Amino acid sequence: MGSATETFYDVIRRQGITRRSFVKFCNLTAASLGLGPVAATQMARALETKPRIPVIWMHGLECTCCSESFIRSAHPLAKDVILSMISLDYDDTLMAAAGHQAEAILQETREKYKGGYILAVEGNPPLNEDGMYCIDGGRPFVEKLKEMAGDAMAVIAWGACASWGCVQAAKPNPTQAVPIDKVIRDKPIIKVPGCPPIAEVMTGVISYILTFGKMPELDRQGRPKMFYSQRIHDKCYRRPHFDAGQFVESWDDESARKGYCLYKVGCKGPTTYNACSTVRWNGGVSFPIQSGHGCIGCSEDGFWDKGSFYDRLTTIRQFGVEATADQIGLLATGAVIGGVAVHTAATAVKRLTSKHDPHRRNDQQ
Amino acid sequence: MAHDAKMLTGVMDATDDVIVAGPSIYVYEAPVRLWHWGNALCITILAVTGYFIGSPPPTMPGEASDSFLFGYIRFAHFAAGQVLAVAFLARILWAFWGNKYSRQIFYIPVWEKTWWKGIIREARWYLFLEKEPYKYIGHNPLAHTAMFAMFTLFNLGMIITGFALYSEGTGRDSWQAKAFGWVFDIWPNSQDIHTLHHLGMWVIVIFAIIHIYAAVREDIMSRQTMISTMISGERQFRDEREG
């Protein structure tokens with residue numbers, strides 16, 4: 001898939017893309033990263049002069065939705081950008097090579113670009129039974145992952161699987177699937193969660209690394225701040241209905257038709273950090289809330305295990321039965337009120353009977 | 001009550017025997033009482049608004065621009081929460097200036113035998129196994145433990161989770177996020193923090209029920225004043241016997 005010494009600009013010019021389109025792309029990407037016009041020039045220069053970064057894209061336990069999202073990046077140069085900006089040396093779902101040929105590329109890249117390639121991981125490794133639940137090229141995926149991570153410059157964790165574990169790590173997690181930062185401990189990891197992440201966010205992260213030659217600024221949980229520092233809720237166009245107290249109560253009510261806030265039907269926007277409400281999906285066409293469904297919080301840790309997607313109050317399983325905080329609280333409050341009532345009655349009985357006790361020491365006036 | 005000094009000898013507090021004179025003892029200084037009642041008001045507002053934040057009231061009619069109901073509910077919650085937090089800090093400061101009873105809620109003397117004995121005796125009193133309770137100037141050991149658990153530990157937990165949740169709105173660069181962002185290291189998905197904070201509300205509701213019941217009951221049943229002490233700060237004793 002091309003030599004890594006070629007620049008991105010060389011490749012797209014060869015493919016017949018005009019310089020005008022190229023500059024447009026730089027401006028759009030710089031804007032989506034929240035950077036100023038100067039950054040667009042920097043980006044153009046970097047893409048013209050820097051050799052393309054070799055990228056190894058590995059697949060563990062996953063559904064390929066991250067790849068599906070990635071190849072649908074809506075920028076004008078979509079396929080060219082993605083496949084030209086980086087030197088995608090290995091991606092078993094996209095590459096033509098297969099079998100031993102494909103495996104050879106892994107070893108070649110690891111040796112030729114030691115410490116200089118980016119390892120992009122889609123999916124995660126299961127650890128149970130020595131990793132036998134995910135065999136890739138005749139070996140447990142976890143072994144291959146550790147091996148390739150050992151010589152990488154940096155690691156990108158694509159999607160909820162690689163970042164948090166996602167559905168295969170949801171309770172009871174029979175295969176013991178774990179996020180990749182549980183097995184890769186000595187390399188910087190950029191988490192780009194989402195199920196899948198937004199295409200523009202994925203290309204944005206790669207553009208940033210290529211342009212500036214460094215990792216984007218990460219938040220406390222290892223996510224790029226530029227895309228994950230605000231909640232869906234903070235930029236939601238239905239937010240005025242939330243503040244006004246106008247909520248959808250059920251899916252077929254008048255409020256749903258009027259496009260009110262989906263908070264009461266379980267929207268996880270207030271606890272979900274992602275760029276959906278600003279970047280949106282499919283080329284900025286829409287995002288779940290705009291389509292009338294609450295956010296399910298797919299870019300958050302363990303989102304499968306946080307109760308129903310359609311309840312505001314999360315159900316708690318620790319008490320044996322599934323109940324919300326309010327159900328548990330009301331039950332406990334009722335029990336305590338009952339206890340207090342019984343205690344009051346007992347106190348009253350004791351006091352009345354002790355009045356007749358001739359040996360009573362208490363001499364209250 | 002016309003007590004003389006002799007009547008009040010041998011009154012016990014949580015730590016040792018002290019001999020006091022006079023008809024009543026000034027226990028809870030003004031800042032402590034102000035904090036107590038301010039705290040009670042804040043907690044009431046926080047519990048009511050907190051319940052509505054979890055289960056919002058029915059949908060408002062009209063345009064979104066016509067009302068700001070949920071905004072006001074959240075505002076009241078955040079305002080009361082910050083007042084509660086500042087009052088808690090002020091209360092800690094007062095422990096350095098105030099009398100020995102102002103320090104009581106911030107620690108429990110687990111190293112003292114008398115305190116353990118006091119707990120057992122108070123527990124027996126509530127189980128109707130004791131004829132009468134001891135007299136205490138400050139909190140009795142059982143109450144003392146409850147106050148420490150609720151007003152120091154639990155209150156702090158609610159303040160920390162509360163500010164962590166508040167930082168989600170103020171943004172990642174805010175001082176709230178810098179000071180309380182570590183909470184997200186423990187619970188990366190803030191939905192969990194919402195759930196715990198909400199469960200915490202019910203713990204406080206339950207505590208309030210027991211707290212009020214115990215105060216009223218002791219006011220009637222014990223050998224000393226309770227409710228009037230919470231208002232005036234003065235503790236009066238109803239008999240002159242020791243213990």
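Chain A has a radius of gyration of 28 Å, whereas a compact globule of 365 residues would have one near 21 Å; the radius is taken over C-alpha atoms, and the globule rule is 2.2 Å times the number of residues to the power 0.38. The C-alpha trace of chain A spans about 110 × 50 × 40 Å along its principal axes.

This is a predicted model, in which local features need pLDDT of at least 70 and side-chain atom pairs count only at pLDDT 80 or more, while totals for chains, interfaces and linings use all residues. Residues are numbered from 1 along each chain as its sequence is written, and chains are lettered from A and ligands numbered from 1 in the order in which they are written.

Chain A contains 15 helices and nine strands; helices (H or I, at least four residues) and strands (E, at least two) are DSSP runs numbered from the N terminus. Five strands of chain A form an open sheet in the order 2-1-3-6-7, with parallel pairing, where two strands pair if DSSP finds at least two bridges between them. The edge strands of this sheet, strand 2 and strand 7 of chain A, each pair on one side only. Strand 6 of chain A is joined to strand 7 of chain A by four bridges, and Trp158(A) stands opposite Val192(A) in strand 7 of chain A.

Angles run from 0 to 180 degrees between N-to-C directions, and axes are lines fitted to C-alpha atoms, for helices over the stretch in contact; two residues are in contact if their C-beta atoms, placed from the backbone, lie within 7 Å.

| Helix of chain A | Strands of chain A | Angle |
|---|---|---|
| Helix 6 (residues 99-112) | strand 1, strand 2 and strand 3 | about 130 degrees with strand 2 |
| Helix 8 (residues 141-150) | strand 1, strand 3 and strand 6 | about 165 degrees to strand 1 |

Between the chains, 38 residues of chain B are in contact with 47 residues of chain A. Helix 7 of chain B gives the most to the side of chain B that touches chain A, with 14 residues.

Thr271(A) lies in the loop between helix 13 and helix 14 of chain A. Thr271(A) counts as buried because it has 23 C-beta neighbours inside 10 Å; the term requires 20 or more other C-beta atoms within 10 Å of a residue's own, with 12 or fewer for exposed and partly exposed in between. Among the residues that Thr271(A) touches are Gly297(A), Asn189(B) and His194(B).

Key: Lists of a residue's contacts leave out its neighbours within four places in sequence.
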